[in-house]
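Me: I am new to this structure. Please show me how to read it, feature by feature.

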Amino acid sequence: MEKPQLLSRLARLWDPLFKGTTAVLAYLVLALLVAICVALLHEGSQAFRTFGWHFLVSKAWDPANNRFGALIPIYGTLISSLIAIVIAVPVSFGIALFITELAPRWLRQPVSAAIELLAAIPSIIFGMWGLFTFAPWFSNYEPWISDHLGSIPGIGALFRGPPFGIGMMTAGIILAIMIIPFIASIMREVFLLTPPMLRESAYGVGATTWEVVRNVVLPYTRTAVAGGIFLGLGRALGETMAVTFVIGNAHSVSASLLNPGYSIAAALANEFTEAFSPLYKSSLIALGFILFIITFVILVLAKLLLLRLERAQGEST
Amino acid sequence: MSQSLQLKGRLPAGKLAMVAGVAALAFGLATAHADEITGAGSTWVYPLVVKWAAAYQQKTGIQVNYQGIGSGGGIAQIDAGTVAFGASDMPLTPKYLHKHGLIQFPTAIAGEDLVMNIPGIRPGEMILSGPVVAKIYLHEITKWNDPRIQALNPGLKLPNLDIAVVHRSDGSGTTFTFTNYLSKVSPQWKHKIGANTVVAWPTGLGGKGNQGVAAYVQRIRGAIGYVEYAYILENHMTYARMYNREHRLVSPSLAGFQAAASHVDFTKAHDFYVILTDQPGPTTWPISGCTWQILRTNAPKASNEKVVKFFRWGFEHGQSMARSIAFGPLPPPTVNAIKAYWKKNLGI
């Protein structure tokens, strides 16, 4: 008589306990995020107080004289990630399209598996490959780029520079290779989610493969595709080791993408252990805070874009 | 809802206590070893400390655990008191040492040289002078066939090739020695850039560590960089000969580094604060340097005693070991001065 009652009371207790535990774990993530943000801001506050807004727009980086500015690493982070996205998106799109629409069935699984394996390679391997193999090879072609693209009025300045094989362009290309697996596998998965009925109907009325992808698959999956691209961008922004190897680690601005530059993550990796003055350390942590904010803003923008796309999709169907 | 809120308040505290417990346990394990000395700092002195440590452990059973995290890191770690000794290739000023309750003593002498990657040029063929190197690093000389380089090398056919300047991207004692030398030979360098473990480079690519600079120079055509002599030997790199202060042409060598040290009286300098760049003497290598160990005066005496015993053993028994990996031993009067310095500051 007593036993079932006890059990049921335990069961009643069990549910809220479970709910509470999972809630705590979820809130813990939020708390951690806020804590990281506050800690970065607190530790970096000396730099912000010393330099004010100039910290964001100053090109100076002179530890010997305690003058610091974040412009060059911010610029390098954004530009190298931009190059990566410009290269990675069309390539990933092609890969996903080939696997889902064009490849013979027996080839699909091995190619998909290979792409996922690419995502599992540690970033330092990409960095070493970039420095030891890709950069020397690429430097042979940089004079050609310099001669042919460098003479185009307007954008020519982007491609003029000495052929070192190391710089912003190399960093962007290596980053592109690193984020392709992420973007391509998400694209592949969502392309497969397109209802076969829609696709088959389009083929049925005589649409070509390109027309099917353009007018049926892409509109159906665009939110997820955009999500995948932003995931790749997020990875590119924060990538550290591979970029450190090939970006050139130079605190200098140059119009040319062939010249060495710097990224926030690379600056942190290189200089953090050796930051000897409090202001130096504070400036590096302030850089970390800025990277945090950049990533955050991009994720928020992505979320807003996705919401808008979803709404537009809701209206059109 | 209220129940879950209550739980939320309670659980993290329990979690924290658990984390703290685990951390304390791990920390306890790390510091419990009585037969261990921990040190951190200069990557350059790393091979020497490790070599000495292996032999010392065989003899005494005491383990020396040294991490090459860079000179700046070594100074920060000993400042924070997390290691028993820090190592730096840049000497700290007596004022700084006094303010932070630290002492320092030299360990070994070494040098660095410029290395390059120019098709057709073999090790030792290129001849450079301090002022020309400063102009290259100031981005005033940008091509290898610049008349100012050609004038130093009348016998060499230099190509019309862009110079890719390579420097360190991390804070480094090697950079301090190099920029200190440039400041001495070029007023313009002294005025615009100065000497430190990290400086605001006007041009160039940054490599991480001596290995990073060596890797860049070996892979980029037209590159020039500065690395420790040991790395030149190890990687068979194309090094330059230099004109020293007395305008004599010298090759980098242990004898050249020791010649530089012989013109400096370690025994007279306060806290051994000496700098070995651009010293006089016909055989002196111009970019010579030294490495220092840093101790806390207020550390537990037992800890300092262990460190001092290790380095005393190194000075007395490790000199041929040092020479075998291109580290110059300190002259006997300097070693005696160090022993007196220990007695005076640590009572050991």
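Reply: Start with pairing: two strands pair if DSSP finds at least two bridges between them. Strands themselves are DSSP runs (E, at least two residues), helices are runs of H or I (at least four), and both are numbered from the N terminus. Strands of a sheet pair through backbone hydrogen bonds, either parallel or antiparallel. Here, strand S10 (residues 241–243) of chain B pairs with S11(B) in the antiparallel sense, over 2 bridges. Within S11(B), Val250(B) is the bridge partner of Met242(B).

Me: What should I know about the model and its numbering?

Reply: The model is predicted; local features need pLDDT of at least 70, side-chain atom pairs count only at pLDDT 80 or more, and totals for chains, interfaces and linings use all residues. Residues are numbered from 1 along each chain as its sequence is written, while chains are lettered from A and ligands numbered from 1 in the order in which they are written.

Me: In which order do the strands of the open sheet of 3 strands in chain B stand?

Reply: The order is S5-S10-S11, and the pairing is mixed. Strand S5 (127–129) and strand S11 (249–250) of chain B are at the edges. Each has a single partner strand, so one side of each lacks a neighbour in the sheet.

Me: Which strands pair with S4(B)?

Reply: Take them one by one. Strand S12 (residues 288–296) of chain B pairs with S4(B) over 9 bridges, antiparallel. In S12(B), Trp292(B) is the bridge partner of Pro106(B). Strand S8 (residues 223–228) of chain B is also antiparallel to S4(B), over 5 bridges. There, Gly225(B) in S8(B) stands opposite Val115(B). Strand S9 (residues 238–239) of chain B runs antiparallel to S4(B), joined by 2 bridges. In S9(B), Tyr239(B) is the bridge partner of Val115(B).

Me: How many residues of S4(B) are buried?

Reply: First, the rule. A residue is buried if 20 or more other C-beta atoms lie within 10 Å of its own, exposed if 12 or fewer, and partly exposed in between; the C-beta atoms are placed from the backbone. In S4(B), 15 of the 15 residues are buried, so the strand is largely enclosed by the rest of the structure. Take Leu114(B), which sits in strand S4 (residues 102–116) of chain B. Leu114(B) counts as buried because it has 24 C-beta neighbours inside 10 Å.

Me: Which residues does Leu114(B) touch?

Reply: Contact means that two C-beta atoms, placed from the backbone, lie within 7 Å. Leaving out residues up to four places away in sequence, Leu114(B) touches Leu128(B), Val133(B), Ile224(B), Tyr226(B), Tyr239(B) and Ala240(B).

Me: Now chain A. How many helices and strands does it have?

Reply: Chain A has 12 helices and 2 strands. Its radius of gyration, taken over C-alpha atoms, is 25 Å.

Me: Where does the kink in H7(A) lie?

Reply: The bend at a residue is the angle between axes fitted to the seven residues ending there and the seven starting there. In H7(A), a kink of about 40° lies at Ile179(A), shortly before the proline Pro181(A). As for burial, 22 of the 26 residues of H7(A) are buried, so the helix is largely enclosed by the rest of the structure.

Terms used
The radius of gyration is taken over C-alpha atoms; the globule rule is 2.2 Å times the number of residues to the power 0.38.
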